[in-house]
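Here are a few exercises to work through with the model on your screen. Try each task before you read its solution.

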Amino acid sequence: MTALTKLGRELAQELEIALPVWVEARVRFICQAWKLDWSEEIANDTQEAGKKCATEVGLQLRELLESGIEQQDTNPMSILRSATNYPTQVLKNYDVPPIERDDFSEDTFPDDVYGLTPAAFSDFGQTAHELGIAWGAAKAHTHFLRRREAQSR
């Protein structure tokens with residue numbers, strides 16, 4: 001197993017653990033901002049959304065991170081940005097009003113009406129941050145080695 005594959009598996013596993021926590025934190029944050037009560041119903045719906053997010057987004061991440069670099073047509077953060085759909089749906093189900101966003105956010109992430117889009121692996125915790133950096137470095141190193149190998153032929 002290559003370092004890239006090993007780090008990809010570790011990163012996918014960490015993100016599958018972190019996603020439900022992230023979903024709950026995002027829903028709680030917006031509810032608190034609107035001074036909404038954190039009811040048992042909202043908590044249960046949020047927990048279910050977090051599990052679904054970990055399963056669905058986690059599968060996409062695992063498929064990407066465990067594939068060869070030739071097959072990687074996107075990056076993990078692009079997949080992680082789709083995770084905003086899960087807390088967004090919970091908030092919409094409770095008629096939580098959207099937040100005011102800047103023009104860049106509205107243009108770049110038009111469906112993210114609550115401003116939840118993650119910007120970096122660190123949004124999912126320190127371990128995800130460290131693994132994300134290590135995975136990115138391993139991927140860059142693999143590209144470098146393959147390029148050098150191709151040039152020496």
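Buried means under 20% relative accessible area, exposed means over 50%, and partly exposed is anything in between (1.4 Å probe, protein chains only). You're looking at a predicted model, where local features need pLDDT of at least 70, side-chain atom pairs count only at pLDDT 80 or more, and totals for chains, interfaces and linings use all residues. Residues are numbered from 1 along each chain as its sequence is written, and side-chain values use heavy atoms, leaving out hydrogens and water.

**Exercise 1.** Work out which elements the chain has.

*Solution.* Start by counting: there are six helices and zero strands. Helices (H or I, at least four residues) and strands (E, at least two) are DSSP runs, numbered from the N terminus. Reading from that end, you get α-α-α-α-α-α. Then check the extent: the C-alpha trace spans about 65 × 30 × 25 Å along its principal axes.

**Exercise 2.** Find which residues of the largest nonpolar core touch the most other members.

*Solution.* First, the term: a nonpolar core is a set of buried Ala, Val, Leu, Ile, Met, Phe, Trp, Tyr and Cys residues joined through side-chain atoms within 4.5 Å. The largest one here has 37 residues, and Leu15, Leu19, Val57, Leu61, Leu80, Leu91 and Phe124 touch the most other members. Next, see where the core comes from: helices H1 (3-33), H2 (40-65), H3 (76-81), H4 (85-93) and H6 (126-151) each give two or more residues. H1 supplies the largest share, 12 residues. Finally, zoom in on Val57: leaving aside residues up to four places away in sequence, Val57 touches Leu19, Lys52, Ile79, Ser82, Ala83 and Tyr86. Touching, or contact, means heavy atoms within 4.5 Å.

**Exercise 3.** Decide whether Thr142 is buried or exposed.

*Solution.* Locate Thr142 in helix H6. Its relative accessibility is 18%, so Thr142 counts as buried. Not counting residues up to four places away in sequence, Thr142 touches Leu4 and Ile69.

**Exercise 4.** Trace the salt bridges of Arg62.

*Solution.* A salt bridge is a side-chain nitrogen of Lys or Arg within 4 Å of a carboxyl oxygen of Asp or Glu. One partner of Arg62 is Glu16, with the closest N and O atoms 2.8 Å apart. Arg62 lies in helix H2 and Glu16 in helix H1, so the pair ties together parts that are 46 residues apart in sequence. Arg62 also meets Glu66 in a salt bridge (2.9 Å, N to O). Put together, Arg9, Glu16, Arg62 and Glu66 are linked in a network.

**Exercise 5.** Say how Lys51 counts by its accessibility.

*Solution.* At 44% relative accessibility, Lys51 is partly exposed. Lys51 forms a salt bridge with Glu48, the closest N and O atoms being 3.7 Å apart.
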